Amino acid sequence: MAKQVWKPGNMLYPVPAVMVTTGDGNGIDDIITIAWTGTINSDPPMVSISVRKSRYSHELLTKNGEFVINLVTKDLCYAMDYCGVKSGRDVDKFAEMKMTKGKAQTVSVPVIEESPVNIESVSYTHLRAHETDSYLVCRLLLEKKNNQKKKKKSS
Ligand SMILES: Cc1cc2nc3c(=O)[nH]c(=O)nc-3n(C[C@H](O)[C@H](O)[C@H](O)COP(=O)(O)O)c2cc1C
């Protein structure tokens, strides 16, 4: 079949959808579904999430800079979809989806207990993109903490 030429677009499919928890550090928390996430660097470990300015999560991220990337299982698919169509401005997504707030080890925002992998992160720098507005490159805090422990042990 002959190749076709399309107008420029993001064609890197499939993308992993994750649930990102954000918060103000004082009890206001939110969950946003993010498909635009990716790897940036291995040492130090860094990932990126891409969040539109219009999202409530963007407001919380701008204030606090801390967040958790929670990986999604089959059982969490419904909640992931819900968190991707409702805004934390209007609903408490933790309560509506009956998900449990767990205490993170290094950041002030909660992890989703029902998720098997919680990547605790802090915003490191950001890149403003035309449409997406804020592209956050994040350092993975838990990894940093583990490295510090290793260094202490070896000295
Ligand atoms: C599968 C899926 C993937 C999504 N990926 C993104 C994304 O990468 N970036 C983004 O800004 N919004 C994305 N969204 C939309 C937000 O999750 C949605 O607007 C959400 O309601 C925002 O919640 P908030 O206002 O509480 O932050 C996605 C939605 C779905 C269903």
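## Overall fold

Along the sequence, the protein follows the pattern β-β-β-β-α-β-α-α-β-β-β-β-α. It contains four helices and nine strands; helices (H or I, at least four residues) and strands (E, at least two) are DSSP runs, numbered from the N terminus. This is a predicted model, in which local features need pLDDT of at least 70 and side-chain atom pairs count only at pLDDT 80 or more, while totals for chains, interfaces and linings use all residues. Residues are numbered from 1 along each chain as its sequence is written.

Of the 155 residues of the protein, 28% count as buried. A residue is buried if 20 or more other C-beta atoms lie within 10 Å of its own, exposed if 12 or fewer, and partly exposed in between, with C-beta atoms placed from the backbone. Two residues are in contact if their C-beta atoms, placed from the backbone, lie within 7 Å. Among contacts between residues at least 6 apart in sequence, 59% join residues at least 24 apart.

In soluble globular proteins, nonpolar side chains tend to be buried together. Here the largest nonpolar core has 26 residues, and M19, V20 and V68 have the most contacts inside it. At least two residues of this core come from each of β1, β2, β4, α1, β5 (66–70), α2 (77–83) and β7 (111–112). Such a core is a set of buried Ala, Val, Leu, Ile, Met, Phe, Trp, Tyr and Cys residues joined through C-beta atoms within 7 Å.

## Helix α1

In α1, the residues S57, L60 and L61 are buried. They are on the same side of α1 because they cover an arc of only 100° around the axis; the arc is that of the directions from the helix axis to the C-beta atoms. An α-helix has 3.6 residues a turn, so residues three or four places apart point the same way. After α1 comes G65, with a positive phi near 80°.

Strand β3 (residues 37–41) and β4 run antiparallel and are joined by four bridges. Two strands pair if DSSP finds at least two bridges between them. T39 has V47 in β4 as its bridge partner. The hairpin from β3 to β4 passes through four residues.

## Backbone exceptions

Most residues other than glycine have a negative phi, and most peptide bonds are trans. The peptide bond from D43 to P44 is cis, with omega near 0°, and P44 is in the loop between β3 and β4. Another cis peptide bond, also with omega near 0°, runs from Y13 to P14; P14 lies in the segment before β1 (18–23).

K98, a residue other than glycine, has a positive phi, near 50°. K98 is in the loop between α3 (93–96) and β6 (101–102), and is exposed, with 8 other C-beta atoms within 10 Å.

## Around the ligand

Of the 20 residues around the ligand, W36, S57, G84, S87 and G88 come nearest. A residue is near a molecule if its C-beta atom, placed from the backbone, lies within 6 Å of it. The elements giving two or more residues to this shell are β2 (29–34), β4 (46–51) and α1 (56–64), and β2 gives the most, with four residues.

By class, the shell has eight nonpolar, six polar and six charged residues. Ala, Val, Leu, Ile, Met, Phe, Trp, Tyr, Cys and Pro count as nonpolar, Asp, Glu, Lys and Arg as charged, and the others, Gly among them, as polar.
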